[in-house]
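Hello,

Here is the structure I promised to pass on. Please have it open while you read; my notes follow below it.

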Amino acid sequence: MRTQSWDAELYDTRHSFVAAYGAELLALLDARPGERVLDAGCGTGEHVAELRDRGVHAVGVDASPEMARRARERFPGVDVSVADLREPAEVPTPAGYDAVFSNAVLHWIPEARRVADALFAALRPGGRFVAELGGAGNIATIDTRARRLRAELSLDEPVSPWYFPTIAGYASVLEGAGFDVTGGWLFDRPTRLDGDDGLRTWIRGFAGHLLTGVGDTDAFLAELEERLRPSLYHDGTWWADYRRLRVTATRPAD
Ligand code: BEZ
């Protein structure tokens, strides 16, 4: 099993918008009491707990032991375990779920086809898949300006850990795994980063690759803030230029 390390407390206190935006996706999922739902990449467990409280048999998995631990601390009794979504054998109850839900996680796993295969296998025939992830063009302003600054400082091109597909690209991955794709939406969602240090906290927490090899990270981040301020600082706060890809799909009935 390959696990991933996360600062679960920082995620909850400074990046709680990740779970908050999932509410719309939960509405799209429309889980009914008694259904079995897998939250693929459940983070600190908010959605698993909410589904459970609505009478859904909700199970969460996350690649990060810290996230899973925090989920169990925050919501005693939630069914959350550590699993690598690329490994069908690690996803609990194969072929058993009525629905698989995933919010703001799948862009961290470039092996998209392996994940699609594992999630397809986790669903019962006729089961549904509802997911949101970063889509093509996500955080392009931050990424492009940081890369430009790195180039000016003769730093190398960092390898991106992210997968931000187009609608067509992701639909083809899902179809390759056997899904019927029933919906796809790509839309901008500028996302508020609280505090004057919001942008740098986000970069330190989520985009460490943009800082690799940088000697004085504070000076680098200060310069990056100056360059990004005209486009990403307004109404007294920082905004990340998020763009979301939302998809719905079903595993065909046998
Ligand atoms: C996102 O949710 O789109 C995202 C979060 C952290 C890093 C990159 C993208």
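Helix α8 crosses α9 in a right-handed way (right-handed means the near helix is turned clockwise from the far one by less than a right angle, left-handed anticlockwise). This is a predicted model, where local features need pLDDT of at least 70, side-chain atom pairs count only at pLDDT 80 or more, and totals for chains, interfaces and linings use all residues. Residues are numbered from 1 along each chain as its sequence is written, and side-chain values use heavy atoms, without hydrogens and water.

**α8 and α9**
Helix α8 covers residues 198-206 and packs on α9 at about 125°, with the axes 10 Å apart. That makes the two oblique (under 35 degrees is roughly parallel, over 145 roughly antiparallel, 65 to 115 roughly perpendicular, the rest oblique). Axes are lines fitted to C-alpha atoms, for helices over the stretch in contact, and angles run from 0 to 180 degrees between N-to-C directions. Helices are DSSP runs of H or I with at least four residues, strands are runs of E with at least two, and numbering starts at the N terminus. From α8, L199, R200, I203 and R204 meet residues of α9, including L221, L224 and L228 (contact means heavy atoms within 4.5 Å). The contact residues are six nonpolar, one polar and four charged. Here Ala, Val, Leu, Ile, Met, Phe, Trp, Tyr, Cys and Pro count as nonpolar, Asp, Glu, Lys and Arg as charged, and the others, Gly among them, as polar.

**α6 and α9**
Helix α6 (residues 140-152) also packs on α9 (residues 217-232). The angle is about 140°, and the axes are 10 Å apart. This pair is therefore oblique. The crossing is right-handed. Among the α6 residues in the contact are I142, A146 and L149; F220 and L232 are among those of α9. The contact divides into seven nonpolar, two polar and five charged residues.

**α5 and α7**
Helix α5 (residues 112-122) packs on α7 at about 45°, axes 9 Å apart. So α5 is oblique to α7. Their crossing is right-handed.

**Aromatic pairs**
How many aromatic pairs does the structure hold? Ten (Phe, Tyr and Trp rings, the six-membered one for Trp, with centres within 6.5 Å; planes under 30 degrees apart are stacked, over 60 edge-to-face, the rest tilted). One of them is F129 with F179, tilted, at 5.5 Å centre to centre and 35° between the planes. F129 lies in strand β5 and F179 in the loop between α7 and β6, so the pair ties together parts 50 residues apart in sequence.

Best wishes
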